[in-house]
Amino acid sequence: MSLALSSLAIAVLAAVLYALFQKSAPTFSLLVSMAAALILLARVGSAAQSVLSGLVRLEQCAGGDAYGCLLRCTGIVLLTDYARTLCEEAGAESLAWCASLAGRLLVLAAAWPLLEEIGQRIWSVLG
Amino acid sequence: MKQHGFKKLLFALFLVGTSLCIITPAALALDETTLSGIPGTEQWQPYLEQSPVSISDLADAPLDALKKLFHGSMAAALQETLRGSTDALLFLLLAALLSFLTSETTNGELLDLIAAGGCGVLLWSKLLTLAEQLCAQMGEWRGFLLGFLPVYAGVLTMGGETAAGSAASGFFLTILCFLAQCLTAFVRPLLQCYLALSMACCISTDHGLAAFCQSTGALLRQALHWAGKLLALLLGLQRVTALQLDRAALRTGQLLAGSVPIVGQTLSDVSEAFLAGIQLLKSGLGLAAIAFLGAEFFPLYLGMMLQLALLCGCSLFCSLTGNTRCKVLLDCFAEAVRCMAAATALFFGLFVMGTVFLFLAGGG
């Protein structure tokens, strides 16, 4: 409970600082946002780690490769989305687009073994 | 959930139940001495012995006999199906958990696609295994029928039912063998094509493709339903015609035997005792064959029903979590399982109906 409250307090404080510096010092406000995000992620790190290790354990029971692929893709999507949002926040629209494209490419690359397997099964029907 | 296969199964069960009620008194009297005078023991005896439950047990305590018949095999089949399909269900559950993390991301659609692909890959092999089980079972049943129905036809002919004998070893055997051969040859490739099409539906965003895929399955099921009705009608008509012919021949024989003075009456009495034994053997053999096939059919059919229930459950789960791609894919897969179940029920239903017609009509 205290972790949740302190995390929320950090988020609200960072948002206030961000709003204060957005006009006068946009670079500083971006740094505040990034730092707050890092602090927040570090604070929930132990919870995230336990969830992640639980998910990895379940990977063995839930069809191995397919689930591992989904897990990797989820990680990539989350990171990409954060990077894209940061770029948009900094006003770098083209960079945000690039981050989004890179994310999609990485997801496709991570999902490629699965897609290849689907393709192979479909081709095997054709002979 | 509309299931023609299930209706056929209920009809088959009804026929078996009715026949059990009718032949109970005769079956209770079944013993070695009753059948000892009938020739060709080495031909028909193995089929009586092959029955997983004895006919007397079935007539005496049907519920206990059915429990004994299905208990072990059912449990094994259910365990096998559950073991095979729970990983797909777990995969979907975990995909839904992950979707909580990515609910506000812009690439959620891509993750849905991957979840659907993963689910498809996991279930593909399970469904193919099910189809292989079906094909192997059909092959075995075909082999059994090729041996059993000529022997059964011989028993019918021995009992004075020449037309019924020719029908059993002719049209009835041909229909069942043709059906079994078609299912063995076509189920696997057809299923593979259907699964490939379903996977294409899941990758494509075109809703028309999924609807086409599902309606193809529904059409096939409808075709099986009508084919079943038509074949049942033909079998029934043939049985009625054969019965009339056999009855006419039997009455002529009795008339001719009765017209011979002194010896005729004795001859008639002996033939009646012999015919009573044959009728008993006819019922016993028919029920033994139904019990033999039923012991293998029910675990297979129940496995399919369980697989279908799991697929429907997964589909419902996907619709609740908003993963439409997975839902569409699972609906297509469920249709494939329905088709396989309908084909299996058609085969078993026809066999049960044909056999029950053969041993109930004409005295049994």
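Q: Of the 127 residues of chain A, what share counts as buried?
A: A residue is buried if 20 or more other C-beta atoms, placed from the backbone, lie within 10 Å of its own, exposed if 12 or fewer do, and partly exposed in between. By this count 18% of the 127 residues of chain A are buried, while for the 364 residues of chain B the figure is 44%. The model is a predicted one, in which local features need pLDDT of at least 70 and side-chain atom pairs count only at pLDDT 80 or more, whereas totals for chains, interfaces and linings use all residues. Residues are numbered from 1 along each chain as its sequence is written, and chains are lettered from A and ligands numbered from 1 in the order in which they are written.

Q: How many helices and strands does the secondary structure of chain A come to, and why is chain A described as more spread out than a compact globule?
A: Helices (H or I, at least four residues) and strands (E, at least two) are DSSP runs, numbered from the N terminus. Chain A has five helices and zero strands, in the order α-α-α-α-α. The radius of gyration, taken over C-alpha atoms, is set against a globule rule of 2.2 Å times the number of residues to the power 0.38. For chain A the radius is 20 Å, well over the 14 Å that the rule gives for 127 residues, so the chain is more spread out than a compact globule. Its C-alpha trace spans about 65 × 40 × 10 Å along the principal axes.

Q: Into which domains is chain A divided?
A: Domain bounds come from an automatic or database domain assignment, and here they give domain 1 (1-43) and domain 2 (46-127). The C-alpha centres of these two domains of chain A are 27 Å apart.

Q: How far does helix H4 of chain A reach from its first C-alpha to its last?
A: The expected span of a helix is 1.5 Å times one less than its number of residues. H4(A), residues 65-89, has 25 residues and reaches 36 Å, close to the expected 36 Å. Its buried residues include A:Cys73, A:Ile76 and A:Val77, and after the helix comes A:Gly91, which has a positive phi near 85°.

Q: Which residues does A:Val107 touch, not counting those up to four places away in sequence?
A: Two residues are in contact if their C-beta atoms, placed from the backbone, lie within 7 Å. A:Val107, placed in helix H5 (residues 93-126) of chain A, touches A:Cys73, A:Ile76 and A:Val77, and also B:Asn107 and B:Leu110 across the chain boundary. A:Val107 is buried, with 23 other C-beta atoms within 10 Å.

Q: How many residues of chain B are in contact with chain A, and which helix supplies the largest share of that side?
A: On chain B 27 residues are in contact with 26 residues of chain A. Helices H5 (62-101), H6 and H7 (162-203) of chain B each supply at least two residues of that side, and H6(B) gives the largest share, 10 residues. For the composition, Ala, Val, Leu, Ile, Met, Phe, Trp, Tyr, Cys and Pro count as nonpolar, Asp, Glu, Lys and Arg as charged, and the others, Gly among them, as polar; the side of chain B that touches chain A then divides into 18 nonpolar, eight polar and one charged.

Q: Where is the kink in H6(B) centred?
A: The bend at a residue is the angle between axes fitted to the seven residues ending there and the seven starting there. In H6(B) a kink of about 25° is centred on B:Leu145, although the helix (residues 108-158, 51 residues) reaches 72 Å, close to the expected 75 Å. Just after H6(B), B:Gly160 takes a positive phi of about 90°. B:Trp124 also lies in H6 of chain B; B:Trp124 is buried, with 20 other C-beta atoms within 10 Å, and its contacts beyond four places in sequence are A:Arg121 and B:Leu195.

Q: Why is H10(B) described as largely enclosed by the rest of the structure?
A: Of the 37 residues of H10(B), 35 are buried, so the helix is largely enclosed by the rest of the structure. H10(B) runs over residues 324-360 and reaches 52 Å, close to the expected 54 Å. In chain B as a whole, which comes to 10 helices and zero strands, residues 24 or more positions apart account for 86% of the contacts with a separation of 6 or more, and in chain A the corresponding share is 52%.
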